[in-house]
Amino acid sequence: MRCYGMIIDIDKCTGCYNCFLACRDEHYGNDFPPIALAQPFQGHFWMQMNERERGIYPKVKVSFIPKPCMHCDDPPCAQASLSGAVYKRPDGIVIIDPEKSRGQKEILSSCPHRVIFWNEEKNIPQKCTLCAHLLDQGWGEPRCVEVCPTGALLFGDLNDPKSQISRIWNSKQVEVLHPEFELKPRVKYMGLPKRFIAGTVIFKDKDECAKEVKVTLTGRGKKQTLRTNNFGDFEFEGLEEGKEFTVKIEHSGYTPQSIKVQTKQDVYLGEILLKRSSKR
Amino acid sequence: MSEQIFTNCTVGGPVWVHVKDGRIVRVRPIQLDESDPPSWTIEVQGKKFSPPRKTTLSPYVLAEKNRIYSEDRVAYPRKRIDFDPDGNRHPENRGKSPYVRIGWDEALEIVSNEIKRIREKYGPAAITAMTSSHHCWGNIGYKRSAFGRFFNFLGFTDVFDNPDSWEGWHWGSIHAYGYYWRLGCPEQYDLLEDAMKHSDLLIFWSHDPDSTRAGYSAQESAIWRVWLKELGKKMIFIDPFCNYTAVHMGDKWIAPRPGTDAALAEAIAYVWLDEETYDQKFVEGRTLGFDQFKKYILGKEDGVKKTPKRAEKITGVRAPVIQALAREWASKRTMLGCGARGGFGSACRQAYGHEWARLMVYLQAMQGMGKPGVNIWSGVLGAPFNGKFFFPCYGDPIGRITGDGNPDHVAQKTAVNPVKQRLYRLLLPDAILNPPVQWLGEGFCAKSIEQQFIPYTYPMEGHPEIRMFYRYGGSFMGTMTETNKWVLAYQSPKLEFVANQSIWMDPETKMADIILPACTSFERNDISEFSNTGGYSNHASSGCNYRVIVYQKKCIEPVGESKSDLEIFTLLAEKLDFKDEYTDGGKTEEDWIKKQYDVSDLPRYISYEDFKRKGYFIVPLPEDYKPTPALRWFYEGRRRDTPDTLAPDPEKKEGVGSMTGKIEFVAQSLQKKFPKDKERPPMARYIPSWEGYDSPLAKKYPLQLIAPHPRYSYHTHYDAHCEWLADIPGHRIRKNGNNWIVVRIHPQQAAERGIKNDDIIKVFNDRGVVLGIAQITERIKPGVIHCYTSSGKYDPLEPGKAYSPDRGGCVNLLTPGRMMSKNAPGMACNTCLVDISKWEGGE
């Protein structure tokens with residue numbers, strides 16, 4: 001028996017929206033009973049894209065986070081539905097039965113990920129089906145996966161020990177979106193954005209980018225050290241959100257600097273001017 | 001009926017189209033099968049890299065179904081309600097009055113009668129006609145084919161296109177290194193492998209490869225960038241906007257003020273000269289005039305050293321960053337990408353954009369262009385490529401049904417336009433409103449460097465002014481400059497008749513007296529190659545992981561009463577008594593397609609029947625494939641060995657295509673023709689913009705608007721006719737029933753003006769008012785406004801009224817009509833001062 005899963009690699013996602021558009025193309029104007037009825041012309045995002053802008057000018061990044069239904073093993077939508085309108089197939093796909101779910105609007109609010117949409121015209125809740133109607137016909141992957149230009153969406157059979165996805169499914173770099181929901185999702189992530197602390201170090205006396213300067217980050221009981229690059233830039237990535245850190249900048253012949261930082265947001269410290277130390 | 005699958009091709013990739021009961025179910029990329037040739041492999045550092053066994057698509061192609069069945073389809077012939085060919089024509093109501101549905105007979109009768117009447121009264125030169133580019137894909141249906149054959153036989157005042165996307169490279173770089181046969185963009189052969197193996201650093205200057213995708217190469221190169229990152233290559237982006245590639249791949253973002261890129265380039269050269277970190281041997285042997293450049297940069301010509309400190313004041317980029325950039329660049333094997341094809345990039349579409357483009361060539365010349373890992377490479381072309389396999393594309397005369405002069409090729413009789421008078425697209429409105437107009441050059445000047453110097457005047461001596469405009473679709477309000485003039489020109493009584501043949505109700509379609517409905521390439525047959533335009537973009541399909549030649553199959557019946565372009569022109573030719581000539585003695589659509597197959601190398605590999613049955617053919621790489629990286633031959637002092645078929649014969653002309661065959665810091669072409677031109681001197685340099693951050697006008701309009709090529713639509717296509725794209729917040733945002741164009745603003749400017757996210761704002765200057773939706777972002781340099789160009793929607797609050805505020809988002813209503821410099825008639829659409837404010841005028 002197959003058991004489907006998906007891993008979304010945020011580092012590879014370019015934000016092209018192909019996944020969203022392929023989903024719209026597949027489901028607008030096409031009924032696929034008993035898996036799904038057609039999506040409305042607009043307003044539904046069965047594969048939605050969340051854009052997260054990080055940092056400030058001129059140190060900016062954007063993370064694009066595609067978000068389909070998580071196909072949870074403990075789906076709250078199934079619990080919220082009446083007469084088995086939402087069910088989990090043996091292959092792991094969670095389906096909202098378009099007939100049985102008629103009128104059951106409360107299913108929408110049961111999902112903490114907010115990936116279920118209400119079809120006003122048809123009076124039904126709708127969401128991603130992982131293109132189960134195509135998989136059942138023998139397709140190897142859903143539309144969103146097929147059109148992803150960088151392979152950021154990895155899809156496959158978790159029961160097949162040789163599949164790429166099963167090899168990394170339980171590895172450390174694979175994470176869950178909102179683990180606090182405790183829903184055992186079948187869609188997992190890699191590279192979800194955390195927080196960064198970055199800055200640009202300048203030798204004040206020379207007005208020159210300070211390369212090879214030692215920068216130490218302490219906080220959360222850990223210590224990390226790196227050297228600035230040719231632009232005097234440093235960056236600590238993947239830090240915990242909302243924590244206190246200390247950045248220490250040291251270079252022989254210059255007065256060291258220590259800066260306290262809070263990672264409520266991503267932090268760009270701007271230009272940090274290193275002054276010549278007075279003692280020779 | 002069960003589902004059928006048809007092959008087709010679009011401006012953003014080849015597709016499989018699933019059809020059921022005559023309706024399109026889905027549009028998807030092509031999956032290669034085992035009978036297709038193997039994929040290439042590039043081996044670097046013990047790792048093997050091969051592309052996936054499928055093609056990719058540009059995002060908008062996945063909205064093709066939306067576009068084909070759009071409510072904006074013309075569907076039926078239409079006549080403007082107050083247009084009476086025998087009475088009052090009311091040209092002043094173009095763009096204002098509604099239309100009534102008419103039959104094909106009546107429409108064809110009116111159009112053919114008008115053609116006859118105007119030809120008889122004024123002569124054939126009184127008719128002009130033009131298409132836009134790339135609304136559909138295919139050799140037979142494309143502009144120089146079905147359309148070109150008709151108008152060439154008829155005789156008309158043709159319109160020179162300006163090289164709108166790569167102006168500076170055309171009017172500038174050609175004078176430094178030739179490549180006129182590529183309109184100024186350099187060859188890119190085998191540079192993917194070269195970069196993967198030998199480069200350490202990629203600099204993208206005014207370049208967003210993930211958004212512009214080599215024009216037509218879909219997202220084929222997206223995986224290359226993943227590989228390059230995997231191999232540890234660093235990427236630096238120089239752009240006032242932290243573009244889409246930069247935000248997730250960039251190691252460094254450097255944001256100069258618009259129009260000051262050339263000053264930044266000079267400072268980089270200064271550091272290299274000062275620290276002697278340039279390739280002195282290459283400069284000595286392969287270039288001309290370097291000493292003069294050196295003197296200028298070091299301040300020995302004008303007493304001003306072009307230091308990073310000086311550049312900091314001009315560009316707004318800190319001097320230490322400029323110095324570090326120069327050092328980083330010189331210390332590493334560096335690829336410089338300056339836009340979609342090597343050249344392109346917003347910085348070349350500015351006042352004096354040719355200076356920046358030439359300086360880009362100078363900088364890479366100083367680093368030994370052609371050395372392994374060092375080149376001008378856009379990062380989107382140059383995959384392993386079988387350049388020996390010939391397939392004609394619409395940019396090649398042999399790839400058009402007009403014929404190429406050889407009766408054994410495509411057409412027995414070649415259609416040649418007898419009319420010598422010409423118009424220039426950028427000046428077309430002025431030509432109607434304020435003739436005479438004058439300009440230099442023949443638009444796309446691919447024949448020689450000197451072709452840029454040919455003077456033109458309209459009206460040409462002894463020729464009439466134009467009285468009839470036959471337009472194909474069109475949205476120049478979204479793409480040309482100072483485009484309120486187009487509205488005024490359309491309403492001129494001088495234009496006695498305006499016809500528009502179109503698939504959709506485009507902004508210019510709504511200016512016509514008679515509208516003829518055409519169908520898409522999904523509703524007829526055609527033939528083409530993925531991403532290959534041929535001609536000036538010779539071998540553009542090296543931007544794809546596979547050379548895919550497609551038999552484009554009719555998937556559905558034409559929507560409404562629409563017809564193929566070939567059929568419409570055949571019907572008109574019949575009315576005008578040249579049907580036999582137009583059809584070349586009765587050739588059908590299928591006959592023309594077969595001709596394209598016959599003149600290509602396809603018959604050596606696959607029978608016509610098999611090709612048609614399978615729907616596509618993948619060109620195999622030769623088993624003994626040997627890369628010939630671009631300009632390696634030049635670096636090594638050999639004859640050209642790249643398959644650049646349109647380049648001068650290496651047996652006859654040595655070196656690059658400049659006057660001397662060397663890379664010319666001092667252009668001999670300009671030295672000879674315009675030695676005293678201060679706006680494009682023989683040697684390139686930074687010249688302060690005529691509408692820049694320090695111009696007097698900046699006191700009134702303090703913000704600089706940049707309008708780069710769009711990410712989620714193509715030219716003006718897909719945008720307006722694909723409602724789905726308005727669900728992409730980086731493209732348009734829906735509010736109060738309108739899909740507003742996104743205007744990006746730095747928080748500083750927004751705060752100064754009390755603008756909040758999602759506010760409707762007006763962007764304005766003396767040339768017009770455009771409405772959009774504010775997106776406040778750290779991705780833009782303070783003081784700069786970003787709004788993608790090429791709005792496909794033009795929706796003035798008062799329909800048909802020039803200078804009425806536009807809710808569509810055509811920011812080119814605001815851009816200056818002035819040419820980039822005195823003798824270089826390129827557009828400067830990224831040179832534009834504006835201000836913004838909250839829109840209080842109601843939505």
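This is a predicted model: local features need pLDDT of at least 70, side-chain atom pairs count only at pLDDT 80 or more; totals for chains, interfaces and linings use all residues.

Trainee: At what angle do the axes of helix α2 and helix α17 of chain B cross?

Mentor: Two packed helices are described by the angle between their axes and the distance between the axes. Here α2 (residues 104–122) and α17 (residues 565–575) of chain B cross at roughly 60°, and their axes come within 10 Å. That angle makes α2(B) oblique to α17(B). The crossing of α2(B) and α17(B) is right-handed.

Trainee: How do α9(B) and α14(B) pack?

Mentor: Helix α9 (residues 261–275) of chain B packs on α14(B) at an angle of about 20°, and the axes are 9 Å apart. α9(B) and α14(B) are therefore roughly parallel to each other. The crossing in which α9(B) passes α14(B) is left-handed.

Trainee: Which residues of α9(B) and α14(B) meet?

Mentor: On the α9(B) side they are B:Asp261, B:Ala262, B:Ala265, B:Glu266, B:Ile268, B:Ala269 and B:Trp272; on the α14(B) side they are B:Glu355, B:Trp356, B:Leu359, B:Met360, B:Tyr362, B:Leu363 and B:Met366. The contact of α9(B) with α14(B) has eleven nonpolar and three charged residues, and no polar ones.

Trainee: Now domains. Which domains does the assignment give for chain B?

Mentor: Chain B has domain 1 (167–384) and domain 2 (696–838) in the domain assignment. Taken over C-alpha atoms, the centres of these two domains of chain B are separated by 27 Å. In the contact, 23 residues of domain 1 of chain B touch 19 residues of domain 2 of chain B. On the domain 1 side, the elements giving two or more residues are α4 (167–177), α6 (209–212) and α14 (353–366) of chain B. α4(B) gives the most to that side, with four residues. The residues of that side divide into ten nonpolar, nine polar and four charged.

Trainee: How many residues are in contact between domain 1 and domain 2 of chain A?

Mentor: Four residues of domain 1 of chain A are in contact with four residues of domain 2 of chain A. The assignment for chain A gives domain 1 as 4–190 and domain 2 as 195–274, and the C-alpha centres of these domains lie 39 Å apart. Strand β2 (residues 48–56) of chain A supplies the largest share of the domain 1 side, three residues. By class, the domain 1 side has one nonpolar, one polar and two charged residues.

Trainee: β3(B) is a strand. In what order do the strands of its sheet run?

Mentor: Strands of a sheet pair through backbone hydrogen bonds, either parallel or antiparallel. In chain B, three strands form an open sheet in the order β1-β2-β3, with antiparallel pairing. β1 (4–10) and β3 of chain B stand at the edges with a single partner strand each, so one side of each is left without a neighbour in the sheet. Neighbouring strands of this sheet are turned by 30° against each other on average, direction ignored. Six bridges join β2 (residues 13–20) of chain B to β3(B), and B:Val17 stands opposite B:Val27 in β3(B).

Trainee: Which strands pair with β13(A)?

Mentor: Six bridges join β13 (residues 214–219) of chain A to β14 (residues 222–227) of chain A, and these strands run antiparallel. A:Lys214 has A:Arg227 in β14(A) as its bridge partner. The hairpin of β13(A) and β14(A) has two residues between the strands, and A:Arg220 there takes a positive phi near 55°. β13(A) also pairs with β16 (residues 244–250) of chain A, in the antiparallel sense over five bridges. The bridge partner of A:Thr216 in β16(A) is A:Lys248.

Key:
Residues are numbered from 1 along each chain as its sequence is written. Chains are lettered from A and ligands numbered from 1 in the order in which they are written. Domain bounds come from an automatic or database domain assignment. Two residues are in contact if their C-beta atoms, placed from the backbone, lie within 7 Å. Ala, Val, Leu, Ile, Met, Phe, Trp, Tyr, Cys and Pro count as nonpolar, Asp, Glu, Lys and Arg as charged, and the others, Gly among them, as polar. Axes are lines fitted to C-alpha atoms, for helices over the stretch in contact, and angles run from 0 to 180 degrees between N-to-C directions. Angles under 35 degrees count as roughly parallel, over 145 as roughly antiparallel, 65 to 115 as roughly perpendicular and the rest as oblique. A crossing is left-handed if the near helix is turned anticlockwise from the far one by less than a right angle, and right-handed if clockwise. Two strands pair if DSSP finds at least two bridges between them.
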